[in-house]
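Reader: I have a model open on my screen and would like to know what stands behind the words used for it. Could you take me through them?

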Amino acid sequence: MLIETEATPNPATLKFLPGRVVMDAGTRDFATPEEAEVSPLAEALFDLGDVTGVFFGRDFVSVTIAPGADWRDAKPDVLSILLDHFSAHMPLFRTASADFSVPAEAETFTDDPADAEIVAQIRELIDTRVRPAVANDGGDIVYRGFDKGKVYLRMQGACAGCPSSSATLKNGIEQLLRHYVPEVTEVRAV
């Protein structure tokens, strides 16, 4: 089995492609070892010590290491864990209920029903234009809410903590949404 590795715009994050589907549907972001306890793979990666984030996409796993850690040291260990996991066809999660995009407790925004048409336009643009591009860089962006012209998005995977994420939000996503949805005045990360 060959696992390809790609750099991402975030120098602390590498994207690993095992050549097979990782997540059948949705994505999953792990920002702490405690969150990773639902996944044997994510837990094993955090157990390496220098790992500070794991993200499962459709056909990739993004891994983020701590400031000061060096990918020359961490990459062989990450590859070994991924190779062992995928070669053995181990389950991604300990329970079937763990494979969702955004943890339920993170769902704090409630859209105004009067904005339903605007929200539908925003979601479609994010799903068809933004998310595929961001997935190529080893991350994901999840719609969280719309309120008084402001769109709230959650950055995941390589996008979370990326030095260029602010520019991506303001110069890319915000301009795209404002162009197609005039009611959008600002985009914010949450």
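**Terms and what backs them**

Author: Strands here are DSSP runs of E, at least two residues, and helices are runs of H or I, at least four residues, numbered from the N terminus. This is a predicted model, in which local features need pLDDT of at least 70, side-chain atom pairs count only at pLDDT 80 or more, and totals for chains, interfaces and linings use all residues. Residues are numbered from 1 along each chain as its sequence is written, and side-chain values use heavy atoms, leaving out hydrogens and water.

Reader: How confident is the predictor in the protein?

Author: The mean pLDDT (the predictor's confidence in each residue, from 0 to 100) is 84, and 89% of the residues reach 70 or more. Over residues 97-107, however, pLDDT stays under 50.

Reader: What makes a set of residues a nonpolar core?

Author: Its members are buried Ala, Val, Leu, Ile, Met, Phe, Trp, Tyr and Cys residues, joined through side-chain atoms within 4.5 Å. Buried means under 20% relative accessible area, exposed over 50%, and partly exposed in between, with a 1.4 Å probe and protein chains only. The largest such core has 25 residues, and Leu41, Val61 and Leu82 are among those with the most contacts inside it. Helix 2 (71-87) gives the most to this core, with 6 residues. A second, separate core has 20 residues, including Ile126 and Tyr143.

Reader: Why are the buried residues of helix 2 said to lie on the same side?

Author: The buried residues are Trp71, Ala74, Val78, Ile81, Leu82, His85 and Phe86. They cover an arc of only 120 degrees around the axis, so they sit on the same side of helix 2; the arc is taken from the directions from the helix axis to the C-beta atoms. The face turned away from that buried side carries exposed Arg72 and Asp73.

How values were computed. Contact means heavy atoms within 4.5 Å.
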